[in-house]
Amino acid sequence: MSASIDPWWRGAVNIALEPDNSVSVEEAFVQTTALGNGLTVKAGRFLSDIGYLNSQHAHTWDFIDAPLAYQAMLGGQFADDGLQLRWLAPTDQFIELGIEVGRGRSFPAPTLRATASAPRRSHCTPAATSATATAGAPACRISSAKASEQALTQLDANDFVVDSLFNGRSNVTILDAVWKWAPDGNATRTNFKLQGEWLRSSRSGTLAYDTAGANLLGDYAQVSTGWYLQAVYQFMPRWRVGLRTEQLDGGAVSYVGLTLFDANGYQPRKNTLMVDFSASEFSRLRLQYARDQARMGFTDNQWQLQYQMSLGAHGAHSF
Amino acid sequence: MKNHNLFATLLIAASGWLAAPAHAALRVLACEPEWGALVQELGGALVEVSVATTALQDPHQIQAKPSLIAKARNADLLVCTGAELEVGWLPVLLQQSGNAKIQPGQPGNFAAADFVRKLDVPTQVDRSQGDVHAAGNPHIQTDPRNIALVATALTERLQQLDAEQRQRVRRSRETDFQQRWQQAMARWTRQGRSG
């Protein structure tokens, strides 16, 4: 639900009905429309502008689930209660700078509590094409987020859940690029979209590790990376096929010389194939097959069928 | 006499240029090529026109891509069809532009459909009828008489937005355009009868 409030503000609310019969507020924010000079301020609960997929609602994604890297480093999708300031440069090239400050409601993935996060991002369009060109506009962006004072839950090398208090900085940096193409720029009949993101998550600080009599406190540092690349082709009106390939690298963990959290060097990977049919702008049926090798030594073959129906007023989608 | 007129025009242009340094021309973003061409006709050298779509694209289904957002950010005037034709992408473009001048209700937001009588305005709208235009048929370009009405309204808007010195120039350009347009319509009517 999204509407203008008055000549200076617009607002949007997204309420989600959860499978356990609870209701949650996904997004509820107000946004300025009349500051001018390329400035926009957003306040409330909103999806962070970090990365490309994160700020888009899950129902507009081309695959049913979020990429592995998003699940591992952003908890699927990162939304926070806070303030966002964006500034668009007065140039013909699209250059945007943004900063967000939030209370750290859910950042990043396995976090129970984080007190501060401040993602920032900048956009760049290496070759923004004009409206007269036949190709779509490629876009790339770098964004990063930071958080401190987090309680973490994670698995140790023996797959036991470890409750521990991490005090320090978490940093997620995302590099994303998207390229869209349609014959003569007319995406109505056929079109093609190539998109990819590379995520790097790092943590450094101290970790209090308290389990079964072992009460440890020491310096902790971890770096992990992940990427996905996906292509979606609408080969005839209403029908699209898509392929996504992705991989994670658990990277290295250093913790007071102990091997408790040492990764075994396994790199989770997954390949996903989807086909979908949209009877109209407002309804879509999707079949997805994934070959998931996220668990070492196991290969999961996943078939998923999804239907999406949009009822009532629905806002336009961003690029 | 001819020379004298030319001199006056040059003087007006020069004083306008001095009054508004840097980007003297009014920056116009047109949603469709028809309106881009019309603004160019009416504004001449006093406008700098960019067009968001090509004639080969379906203006219902454009994406608010970064290059368009950058153009919307810098525009002084947005000239679109309105009546929900651009509803799939223009709201996003306006939202992301951070440009107060071209928001709905501002003088910098011109919707051509507001100035003509729209056909097929539904009394009841339901999605079961497909994707219906609730504000009436936005395809107003198909009637040349509408173009003449829009040209008058657009000239007024250009005058409202721009420095006073240039108004005489604009008025003469509009008179010139309207004359040519009436002649063209008369020609099309003749051709329609004979064909």
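Trainee: What percentage of the 195 residues of chain B count as buried?
Mentor: Buried means under 20% relative accessible area, exposed over 50%, and partly exposed in between, with a 1.4 Å probe and protein chains only. By that cut-off, 46% of the 195 residues of chain B are buried. Some ground rules: this is a predicted model, where local features need pLDDT of at least 70 and side-chain atom pairs count only at pLDDT 80 or more, while totals for chains, interfaces and linings use all residues. Residues are numbered from 1 along each chain as its sequence is written, chains are lettered from A and ligands numbered from 1 in the order in which they are written, and side-chain values use heavy atoms, with hydrogens and water left out.

Trainee: How many helices and strands does chain B have?
Mentor: Helices (H or I, at least four residues) and strands (E, at least two) are DSSP runs, numbered from the N terminus. Chain B has six helices and four strands, and along the sequence they come in the pattern α-β-α-β-α-β-α-β-α-α. For contacts, think heavy atoms within 4.5 Å. Take the contacts in chain B between residues at least 6 apart in sequence: 68% of them join residues at least 24 apart.

Trainee: Now disulfides. Which cysteines form one?
Mentor: A disulfide is a covalent bond between the sulfur atoms of two cysteines. The rule here asks for a pair of cysteine sulfur atoms within 2.5 Å, and over all chains the count is one. B:Cys31 and B:Cys80 make that bond, with their sulfur atoms 1.9 Å apart. The pair ties together distant parts of the chain, 49 residues apart: B:Cys31 sits in the loop between strand E1 (26–30) and helix H2 (33–43) of chain B, and B:Cys80 in strand E3 (residues 77–80) of chain B.

Trainee: Why is this disulfide called right-handed?
Mentor: Because the torsion about the S-S bond of B:Cys31 and B:Cys80 is about 45°.

Trainee: What does B:Gln141 touch?
Mentor: B:Gln141 lies in the loop between E4 and helix H5 (144–161) of chain B. Setting aside neighbours within four places in sequence, B:Gln141 contacts B:Glu32, B:Glu34, B:Trp35, B:Thr81 and B:Ile147. The C-alpha atoms of B:Gln141 and B:Glu34 are 7.8 Å apart, although 107 residues separate the two along the chain. A polar contact is a pair of N or O atoms within 3.5 Å; within protein, one must be able to donate a hydrogen and the other to accept it, and residues adjacent in sequence count only if both atoms are side-chain atoms. The side chains of B:Gln141 and B:Thr81 make one at 3.4 Å.

Trainee: How much area do chain B and chain A bury between them?
Mentor: The size of an interface is often given as the accessible area lost when the parts come together. Here buried area is the accessible area (1.4 Å probe) that two parts lose on being put together, summed over both. Chain B and chain A bury about 2,800 Å², 52% of it on carbon and sulfur atoms. In this interface, 31 residues of chain B contact 44 residues of chain A. Seven residue pairs are in polar contact between the two chains, both residues being at pLDDT 80 or more. Helix H3 (66–74) and helix H4 (90–97) of chain B each supply at least two residues of the side that touches chain A, and H3(B) gives the most, with seven residues.

Trainee: Is H4(B) mostly covered or mostly open?
Mentor: Mostly covered: six of its eight residues are buried, among them B:Leu90 and B:Val92. The buried residues of H4(B) pack against strand E5 (79–88) of chain A, together with E1, H3, E3 and strand E4 (109–111) of chain B. After H4(B) comes B:Gly98, with a positive phi near 60°.

Trainee: Last one: how do E15(A) and E16(A) pair?
Mentor: Two strands pair if DSSP finds at least two bridges between them. Strand E15 (residues 269–280) and strand E16 (residues 283–293) of chain A pair in the antiparallel sense over ten bridges, and a hairpin joins the two through two residues.
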